[in-house]
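Welcome! Please take a look at the sequence and the structure shown here before reading on.

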Amino acid sequence: MNSNLHFKVLVVSMFLLCDITSVFAQARIMFGSTATYMRMRGGTLANPIYLVIGNPASNAITYTSGGIISEAENNFVKWNIGNTTGTGYLIPFRNSASPATEDVSIYFDVASAGSPATGYFLASTYGGGNWDNNTFRPSAVTHVGDSIRQNNSKYVIDRFWGVVNEGSYATKPGLNNFTFKYLDSEHSAAGNTITETNLRAQRWNSGNNSWHGWMAGSINTVTNTVTINALTSSDLFRWWTLTDNDSPLPVAFLSFDAKCKPDYSAHNTVEIKWSTATEANSHHFLIERGQSPNDFSTLATIPASGNSSVTQNYQYLDKNPLNQPAFYRITETDVTGNKYSTEALFVTPCSDNTEDVLVYPAEDGLYVFLNVSENRDGNVKLTNSLGQQVLSEQVSLSKGQNTVKFNSENLTCGVYFVTFMNQSKILTKKFLLTPHK
């Protein structure tokens, strides 16, 4: 196909189909009253396919009927919108099974300009043909999990939409009337448990690799559209899907830290801080403490933000810490009772300035906790009762608490020694490995 060809659909009484298997550049594309389709096929992560729209105006794609069949992550419509604003942008995506009736378009107005002028939208869409979105999620999306990281696909429509190339914009555009057209067959498919009126849009934040909370908007079950009235530039990300807002994709923890905070006017405390990137239907957080990573009691309950798409910061002081090493974690509970816990952090008492080793055998591995008074590089090794080395790892320890995890599935029960050693320091601990109940 000649890449310089100006494509215009003529009004003729026939079904037209144009395949794109390489870069195809256009200043303007017109889909007239005849059902005419441009189908992209063969795009891969290594070799994507592009339909390039060089004209930034909203009428660069003019639509009456027909449309564009993408149906793969890397079959792209690259629209060089740059720093242009305007209303009525439409990418007329159609599903490949029955393109005449299966409309999966996206529509938007560009309300605030992005920058620089070389920025572009990079749109594609595809369904997976089954309810399990985890099996066909985009390559940049690491999970489609709920608040306890179980597969949440039954509450997620069987389709993803790509919208913008984030890396091409220093400042992303802001959108109004951002609308997704969806198929009944992709929310009511066997395996899904979706209430159609609950469908809302959610986006994957590539910056912190997490789902952000569902966006406020509206649904029209007659026209099969979900609309976000106003989308700020900070909320515009590449990958989107539609979820049942009774079971949205999860709270995303940005950070969690627990450490001793000396308080010489009274007594020592443990300062606990955490932050979330997003929250969806979160209800409260439990501050938990224990003498092992699997045995916790609740210290306090902190209200959550509910639904949030901006960073939320939280803090709690344990004013009566244990006088021995302890573990801390945060457990988030949503409005339906689902729970998600952070990994446990190991904290030594403020008064304990000695360098030491603590060993905790768990079902998912052998945890070695090392407290050091300064940065140290060295080797952590595990030996059996005969002095034979069974595991070893080079480590770079930072001042304070450090965690090293070993794979223990091939270890037999018995007495072991764990040792950290470098040119100036040796720390060792004897422990008994017993069967898990």
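The report below covers a strand, the nonpolar cores and some salt bridges.

## About the model

This is a predicted model, in which local features need pLDDT of at least 70, side-chain atom pairs count only at pLDDT 80 or more, and totals for chains, interfaces and linings use all residues. Residues are numbered from 1 along each chain as its sequence is written, and side-chain values use heavy atoms, leaving out hydrogens and water.

## An enclosed strand

Let's begin with strand 5, residues 49-53 (strands are DSSP runs of E, at least two residues, numbered from the N terminus). Four of its five residues are buried, so strand 5 is largely enclosed by the rest of the structure; buried means under 20% relative accessible area, exposed over 50%, and partly exposed in between, with a 1.4 Å probe and protein chains only.

Strand 5 runs parallel to strand 8 (residues 75-79), and five bridges join them. Here Y50 stands opposite F76.

## Nonpolar cores

The largest nonpolar core has 42 residues, and V77 and W79 are among those that touch the most other members. Such a core is a set of buried Ala, Val, Leu, Ile, Met, Phe, Trp, Tyr and Cys residues joined through side-chain atoms within 4.5 Å. A second, separate core of 19 residues includes L382 and V395.

## Salt bridges

There are eight salt bridges, each a side-chain nitrogen of Lys or Arg within 4 Å of a carboxyl oxygen of Asp or Glu. In one of them, R159 pairs with E71, their closest N and O atoms being 2.8 Å apart. These partners are 88 residues apart in the chain. R159 counts as buried at 0% relative accessibility, while E71 is partly exposed at 21%.

Technical notes:
Pairing = 2+ DSSP bridges.
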